[in-house]
Amino acid sequence: MSTLTAAQPGKAPRHRGWVLPIAAVALWWLASNQGWSQSGLLVSPEKVAITAWEQVSSAQFWRAIFASLARNLSGFFIGTTLGLMLGCLLGFSRLFERLVGPSFNTFKQISLFAWIPLISVWFGLGDVAKVVFLSLAALVPVVVNTCDGLRNVSPALLEVAKVYGFTRWQTIIGVMLPAALPSIFTGIYLALVYSWLATIGAEYLLVSGDGIGNTLIDGSEHFMMDLVLFGMVIIGLVGWGLNLIARHFERRMQRLYGITPR
Amino acid sequence: MTRAIATSVDQQQVPAKTLAPVKRLPAAPVRPARRVPVAARPWANWQSTTFSSALPWLLPLTLLGLWYIGSERGWLSEQVLPPPAIVFQTLSDLVSTGDLWLNASASLTRVLVGFLIGSGLGIVLGLAMGLSKVVEDYLLPTFNALVQIPVLGWMPFALLLFGIGEPLKYVLIAHAALVPVTLCTLQAFHQVPKRLLEVGRAYGFSQRQIVTDIVLPSAIAPIFTGLRLGFTKAWLSLVVVELLASSEGLGYLIAYGRQLFQLDLVMAAVVVVGTVGLLIDRGFEYVERRLNKGRVVTAGKLP
């Protein structure tokens with residue numbers, strides 16, 4: 001999804017982008033200081049800032065963040081590795097595609113989070129269940145994009161390889177994989193986005209242990225709006241950071257293989 | 001890039017005399033004349049037989065058979081994996097008692113209302129940003145920043161604001177649908193083929209004509225892609241929202257079954273969720289294909 005947002009170059013006056021958020025924060029500040037609402041949910045920006053500082057300087061918060069990230073990354077790596085293997089099999093072998101493809105396409109339609117109750121019964125509520133779920137979340141986009149990339153290699157390139165008398169192995173290494181690389185990266189990138197989303201979801205639904213999702217749920221249960229807002233910002237920031245890292249790697253790999261960015 | 005390579009190779013082949021070594025390749029006629037090398041395997045004949053049409057069923061049937069035998073022989077306890085017959089029984093019970101219809105219609109209403117609100121707003125937002133650079137400059141950075149927080153991140157916040165009633169579901173589902181629809185609409189405006197715009201300008205089109213005759217027709221198909229994505233997201237978040245906070249709906253059935261450790265109920269509900277999602281997605285895919293077919297005529301396949 002966020003790949004779409006990257007397309008716009010920022011030529012325009014940059015200050016315009018700041019108008020809306022600053023106005024919103026000013027309005028929020030006014031609303032809470034003037035007491036426009038008696039609801040305890042309208043916390044002031046200062047309170048949120050104080051909570052944020054308390055959280056950042058507490059060990060508990062960092063433990064939660066690292067627990068979430070560790071889960072996220074292990075699920076991501078397992079899911080991506082399995083996804084690459086499955087995607088390559090589906091992309092290279094027609095027979096395998098006939099065998100497994102339709103089942104997989106049906107399987108991926110089932111809403112991801114519907115698996116959580118089953119997973120929780122089979123694997124418990126602990127880290128194992130979460131990592132299994134995260135791998136599942138990361139697996140699907142990688143498989144789909146790897147298979148698509150390999151299937152959509154331009155026939156012209158394949159013909160060239162044939163004309164030069166490439167063996168099948170040479171064709172795969174020298175032609176098909178590099179040509180499919182952008183698509184494969186899109187899959188991995190999506191997997192990173194999905195697995196972070198799934199991390200939060202898993203921590204909501206499989207409540208046990210530390211995690212940033214649990215922090216948020218706690219805040220929500222105790223009507224602590226400041227904690228909830230802080231947690232949301234953290235989730236957004238971590239997602240954004242993961243995005244940046246993924247895009248950086250994507251660009252480096254593309255340069256390595258001499259592929260012009262899309 | 002791929003095209004560039006292909007054409008340059010074609011041009012190289014024009015002076016045929018210099019390429020004598022290539023002609024000496026003896027193996028070429030032996031190979032099957034198929035263009036796609038993967039299909040040209042010795043077992044290529046399986047493709048034409050009825051056997052090949054049965055292949056996709058092999059895996060699910062094997063799994064089903066294993067599941068059946070496994071539960072028959074008691075490899076796994078019934079609490080962990082109920083036998084397929086019981087799941088089927090539960091499913092037909094759900095249908096005959098009308099529970100299924102009650103919950104499915106609750107879910108479908110939610111997802112439809114949320115999706116309509118979200119995609120309507122998304123199209124308006126995308127149109128506004130796509131048509132006016134000023135609006136885009138003001139809105140897009142904030143929008144991009146807010147998009148970084150996934151729907152699930154908003155959930156505790158929305159829970160506090162709206163309670164666990166119907167509005168919560170509508171808001172979250174609408175939000176889930178809004179994001180892809182807005183981004184795809186905006187993207188559609190940015191991706192209008194440059195050549196078409198130049199043609200319009202060459203013919204002295206007014207700004208309005210350019211928008212109505214060139215930009216909008218070529219944007220319809222991508223916008224529809226956004227709608228399809230938006231619906232997928234809406235369906236996904238519906239399940240999450242119902243799992244976490246609801247007293248009816250398909251997601252609630254799943255959560256309820258899990259609480260009672262009735263895995264047969266969970267599985268039956270998962271099957272229903274999957275089937276409904278699949279059907280809706282197929283419907284969207286069909287319309288999308290029709291639209292894209294029309295697109296070749298209207299907008300041309302100009303890069």
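**Entry 1: one residue in chain A**

I began with A:Val142, which lies in helix 7 (residues 127-151) of chain A. Helices here are DSSP runs of H or I with at least four residues, strands are runs of E with at least two, and both are numbered from the N terminus. The model is predicted: local features need pLDDT of at least 70, side-chain atom pairs count only at pLDDT 80 or more, and totals for chains, interfaces and linings use all residues. Residues are numbered from 1 along each chain as its sequence is written, while chains are lettered from A and ligands numbered from 1 in the order written.

Is A:Val142 buried or exposed? I found 27 other C-beta atoms within 10 Å, so A:Val142 is buried. (Buried needs 20 or more other C-beta atoms within 10 Å, exposed means 12 or fewer, and partly exposed is in between; C-beta atoms are placed from the backbone.)

Next I looked up its contacts beyond four places in sequence; among them are A:Gly79, A:Thr80, A:Gly83 and A:Ala191. Contact means that the C-beta atoms of two residues lie within 7 Å. A:Val142 and A:Ala191 are 49 residues apart in sequence, yet 6.4 Å apart in space, C-alpha to C-alpha.

**Entry 2: where the chains touch**

I found 63 residues of chain A in contact with 62 residues of chain B. The chain A side has 42 nonpolar, 17 polar and four charged residues. (Nonpolar covers Ala, Val, Leu, Ile, Met, Phe, Trp, Tyr, Cys and Pro; charged covers Asp, Glu, Lys and Arg; the others, Gly among them, are polar.)

**Entry 3: chain B**

Chain B has twelve helices and zero strands. Of its 303 residues, 35% are buried.

I then checked a helix pair. Helix 10 (residues 207-244) and helix 11 (residues 250-259) of chain B pack at an angle of about 45 degrees, with axes 7 Å apart. Helix 10 of chain B and helix 11 of chain B are therefore oblique to each other. (Under 35 degrees is roughly parallel, over 145 roughly antiparallel, 65 to 115 roughly perpendicular, and the rest oblique.) Their contact residues divide into eight nonpolar, one polar and one charged.

**Entry 4: the core**

Which residues have the most contacts inside the largest nonpolar core? They are B:Leu172, B:Ile173 and B:Ala269, in a core of 129 residues. (Such a core joins buried Ala, Val, Leu, Ile, Met, Phe, Trp, Tyr and Cys residues through C-beta atoms within 7 Å.) Helix 9 of chain A gives the largest share, 19 residues.

Terms used. Axes are lines fitted to C-alpha atoms, for helices over the stretch in contact, and angles run from 0 to 180 degrees between N-to-C directions.
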